[in-house]
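Dear colleague,

Please find the structure handed over below.

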Amino acid sequence: MSGNARRRAVFFDLDDTLYDQLEPFRTALRVFGPAIGRISEENLYRRFRHHSDALWEPYCAGRLPLDAMRVERIRRALAEFGVEAEEGDCRKFQEAYQEGQYRIRLHSGAEACLGELEAAGCLLGVVTNGPGPHQARKLEALGIERFIPRTRWFISGEIGIAKPDPALFAHVNRVTGTRPETSVLVGDSPVNDVEGAAGAGWRTVWFNARGSAAEPRPAADLTADGFTDLARRILGLLAQPRPERD
């Protein structure tokens with residue numbers, strides 16, 4: 001049995017968990033100029049994420065190219081608010097949005113949370129969906145390697161398996177020598193993060209910094225609206241006994 005098999009492990013989603021994805025989104029919207037008008041940027045962002053999630057499956061299945069998916073998600077979101085965006089502007093938006101994601105910063109309190117978990121002896125990692133180079137550049141921008149080595153960045157585009165497939169979480173356990181019973185995932189997606197990790201036998205934290213009223217509510221072990229006191233709560237969760245799988 002690996003030396004990590006009994007070790008507590010905490011893994012984090014990347015987008016809208018370790019950093020606020022609305023910040024680069026808001027900046028990139030300037031591409032559309034006055035057409036945005038008085039549309040709530042946060043409401044538009046929510047619909048953008050909705051369409052991004054809806055288009056993820058056809059992209060993963062090879063039915064939709066990545067660049068087309070990225071254009072279509074913002075085009076559909078804007079259309080819901082009565083804005084008919086040109087494809088060229090959608091591409092410019094994506095370029096600005098992507099560049100903005102390489103200038104991101106950790107959520108307030110995230111660094112302290114990671115440090116506290118590390119000091120408590122937890123193995124830390126990242127489990128994120130997306131293209132390998134793109135997600136890696138975001139993690140580099142966050143300086144996450146101070147806490148999590150590159151060998152524990154699990155990016156779906158590099159592995160060939162994406163959340164919520166339980167096989168991805170099983171892969172993470174195999175590579176790190178950890179077990180589902182002592183693994184936790186912190187993530188914002190009710191489906192990809194909470195349902196996916198729970199389906200693999202992990203414990204889950206729904207990171208709901210935007211106060212989403214998702215229905216039905218995710219059956220997470222914990223719900224958090226930020227990083228304040230999160231390390232203590234996760235350690236308390238891991239201290240609760242749970243039967244191990246054979």
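The findings follow, from the overall form to the individual residues.

This is a predicted model, in which local features need pLDDT of at least 70 and side-chain atom pairs count only at pLDDT 80 or more, while totals for chains, interfaces and linings use all residues. Residues are numbered from 1 along each chain as its sequence is written, and side-chain values use heavy atoms, with hydrogens and water left out.

**Overall form**

The protein has 10 helices and 6 strands; these are DSSP runs numbered from the N terminus, with helices being H or I of at least four residues and strands E of at least two. Along the principal axes, its C-alpha atoms fill a box of roughly 55 × 35 × 35 Å. The radius of gyration is 18 Å, which agrees with the value near 18 Å for a compact globule of 246 residues; it is taken over C-alpha atoms, and the globule rule is 2.2 Å times the number of residues to the power 0.38. Of the 246 residues, 51% count as buried, that is, under 20% relative accessible area with a 1.4 Å probe and protein chains only.

**Nonpolar cores**

A nonpolar core is a set of buried Ala, Val, Leu, Ile, Met, Phe, Trp, Tyr and Cys residues joined through side-chain atoms within 4.5 Å. The largest has 35 residues, and Val10, Phe12, Leu18, Leu117, Leu124, Val186 and Ile234 touch the most other members. Helix α10 (residues 230-239) gives this core its largest share, 6 residues. A second, separate core of 19 residues includes Leu22, Ala28, Ile36 and Val71.

Leu237 also lies in helix α10 and is buried, with a relative accessible area of 6%. Beyond its neighbours within four places in sequence, Leu237 is in contact (heavy atoms within 4.5 Å) with Val184, Arg203, Asp221 and Leu222.

**Pocket and cavity**

Both terms rest on a 1 Å grid over the protein atoms alone: a cavity is a set of points where a 1.4 Å probe fits but cannot get out, a pocket is an open set with protein on both sides within 12 Å along at least five of seven lines, and lining residues have an atom within 4 Å of a point. Grid points are joined across faces, edges and corners, and a volume is the space filled by probe spheres set on the points.

The largest pocket has a volume of about 760 Å³. Of its 27 lining residues, Asp53, Asp188, Pro190, Ser212 and Ala214 lie nearest its centre. Helix α2 supplies the largest share of this lining, 6 residues. The lining divides into 10 nonpolar, 6 polar and 11 charged residues; here Ala, Val, Leu, Ile, Met, Phe, Trp, Tyr, Cys and Pro count as nonpolar, Asp, Glu, Lys and Arg as charged, and the others, Gly among them, as polar.

The search of the whole structure finds 1 cavity of 30 Å³ or more, and about 410 Å³ of space lies in the largest cavity. Its lining has 26 residues, with Asp15, Ser52, Trp56, Arg73 and Asn129 nearest the centre. Here too α2 gives the largest share, 5 residues. By class, the cavity lining has 6 nonpolar, 10 polar and 10 charged residues.

Yours sincerely

Terms used. Buried < 20%, exposed > 50% of the residue type's maximum accessible area, 1.4 Å probe, protein only.
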